[in-house]
Amino acid sequence: MPIRNRISDLHADVTAWRRDFHMNPELLYDTHRTSGIVADKLRAFGCDEVVTGMGRTGVVGLIRGKSNASGKTVALRADMDALPIFEATGADHASTVPGKMHACGHDGHTAMLLGAAQYLAETRNFDGTVAVVFQPAEEGGAGALEMVQDGLIDRFGISEIYGMHNSPLLPEGAFAIRPGPFYAAVDLFEITLTGKGGHAARPNNCIDTTLAGAALVMNLQQIVSRNTDPQQAAVVTVTSFRTESDAFNVIPETVTLRGTVRTFDAAVRKNIEDRIKSIAALTAETYGARAAVDWPEDGYPVMANHAEETDFAAAAARAVAGDCNTEAPRTTGGEDFAYMLNACPGAYIQIGNGPSKGLHHPEYDFNDAIIPVGASYWVELAEQRLPA
């Protein structure tokens, strides 16, 4: 695997940065410590400009090449936020913040891009400008949209933007990508059922929302199997069932269901929204209850790679790893990098984390062995897209 010597030399330092981020996880937009460290390091590397507060707590570093005949700016993006999960890795560098951990590898993404930024700032073997973009709030906060709305693309004249995510489903250091839809649109829903609470010994005097809620969970499962074209991928999942009472002998007045919908097609997405609202209302009515459906309008859109930029990304990956799977399967996971790809041409690639626990698992940990591979990919991509 042709890793540049200087990047190999940086491996221990980048690993230390990654483990420090891991020990000090921050959620959503509350990435003040992480953002501060990132900005300080970019300044120390000699970036020509470091902008903080983009999209609330995002950071952008600009690195100008030895020449600028192209006039182009290529952006490389990493995410910084962690997840509200109690860590169970037992690692020496485990989270020191109870209930928060880097269970998706954003600590590794940030560290790899910092390593690439240091190399690019030292060598500047490209024509144009590289923008290194460190984004908060990927995990449900739409930080990418915040950065776009804050002027990320226009302010820095970005012509192409690229993202990368580790994958425990791929061999260590392998790459995979596909053109077009890659990650699913993700919508959230919350359904509140209201009935008539009372004593468990006298259900005939109540309107049982627990029974109605149980029926609704089952009824929602037929949306994909009976209301969605079998040629279209979709997932409807109820992830939370909460009543207002923890007592053994109380029928609760209200029950709240929460879940997610994942789709790749706009028509399927709208149909599932309509069916959930209809089934919720009719199921509740069947049991004498009422249903209120909250469907936020800010669900993540489908993340679709641009064809030409996908080819560029795959070429850079092959230069580093010798191969790149360009027919990666679509994933029903969501990714807010979709907002950046809607605003600018670009592509998103997966890098293999090797055998490990799955993403968002309390025992997951980023594989430090892939740091030189990921950093080298970023450097290769920048230099290929901005040849000196």
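Reader: Let's start with α12. Which strands does α12 lie across?
Author: Keep in mind that this is a predicted model. Helix α12 lies across β3, β4, β5, β6 and β15 (346–352). Its direction is at about 160 degrees to β5.

Reader: And what sheet is that? What's the strand order and the pairing?
Author: An open sheet of seven strands, in the order β1-β2-β4-β3-β5-β15-β6, and the pairing is mixed.

Reader: Which strands stand at the edges there?
Author: β1 (49–54) and β6 (175–176). Each has a single partner strand, so one side of each has no neighbour in the sheet.

Reader: OK, what about α4? Which strands does α4 touch?
Author: Helix α4 packs on that sheet too, touching β2 (58–64), β3, β4 (129–135) and β5. Against β3, the direction of α4 makes about 150 degrees.

Reader: At what angle do α4 and α12 pack, and how far apart are their axes?
Author: The angle between α4 (residues 106–123) and α12 (residues 371–385) is about 45 degrees, and the axes are 8 Å apart. The two helices are therefore oblique to each other. As for handedness, α4 passes α12 in a right-handed crossing.

Reader: Which residues in α4 and α12 meet?
Author: On the α4 side you have Met112, Leu113, Ala116, Tyr119, Leu120 and Thr123. They meet Ile371, Gly374, Ala375, Trp378, Val379, Ala382 and Glu383 in α12. Sorted by class, this contact of α4 with α12 has 10 nonpolar, two polar and one charged residues.

Reader: Back to the strands. Is β4 mostly covered or exposed?
Author: Mostly covered: seven of its seven residues are buried.

Reader: Which β4 residues point which way?
Author: Thr129, Ala131, Val133 and Gln135 point one way, while Val130, Val132 and Phe134 point the other, and all of them are buried. In a regular strand, side chains alternate between the two faces of the sheet.

Reader: How do β2 and β4 pair?
Author: In the antiparallel sense, over six bridges. In that pair, Val59 stands opposite Phe134 in β4.

Reader: How many bridges join β3 to β4?
Author: Seven, and β3 and β4 run parallel.
Author: Strand β3 (residues 73–79) pairs with β5 (residues 158–167) in the parallel sense, over five bridges. For Ala75, the bridge partner in β5 is Ile161.

Reader: Switching to the sheet with β8. What order do its strands have?
Author: That's an open sheet of four strands, β10-β12-β8-β13, with antiparallel pairing.

Reader: Over how many bridges do β8 and β12 pair?
Author: Strand β8 (residues 185–194) and strand β12 (residues 254–263) pair over 10 bridges, in the antiparallel sense. As one point in that pairing, Val186 stands opposite Arg262 in β12.

Reader: Which strands does α9 lie across?
Author: Helix α9 (residues 266–286) lies across β8, β10, β12 and β13, and runs at about 10 degrees to β8.

Reader: I'm looking at Ile272 in α9. Buried or exposed?
Author: Ile272 counts as buried, with 0% relative accessibility. Leaving aside neighbours within four places in sequence, Ile272 is in contact with Ile223, Thr228, Ala234, Val236, Val261 and Thr263.

Reader: How far apart are Ile272 and Asn227?
Author: They are 45 residues apart in sequence and 8.0 Å apart in space, C-alpha to C-alpha.

Reader: Last topic, α2 and α3. At what angle do they pack?
Author: Helix α2 (residues 11–23) and helix α3 (residues 32–45) pack at about 160 degrees, with axes 10 Å apart. That makes α2 roughly antiparallel to α3. The crossing of α2 past α3 is right-handed.

Reader: Which residues make the contact?
Author: From α2, Trp17, Asp20 and Phe21; from α3, Arg33, Thr34, Ile37, Val38, Lys41 and Phe45. By class, the contact of α2 with α3 has five nonpolar, one polar and three charged residues.

Technical notes
Residues numbered from 1 in each chain as written. Predicted model: local features only at pLDDT ≥ 70, side-chain atom pairs only at ≥ 80, totals over all residues. Heavy atoms only, no water. Axes fitted to C-alpha atoms, helices over the stretch in contact; angles between N-to-C directions. Parallel < 35°, antiparallel > 145°, perpendicular 65-115°, else oblique. Left-handed = near helix turned anticlockwise from the far one by under 90°. Contact = heavy atoms within 4.5 Å. Nonpolar A, V, L, I, M, F, W, Y, C, P; charged D, E, K, R; others polar. Pairing = 2+ DSSP bridges. Buried < 20%, exposed > 50% of the residue type's maximum accessible area, 1.4 Å probe, protein only.
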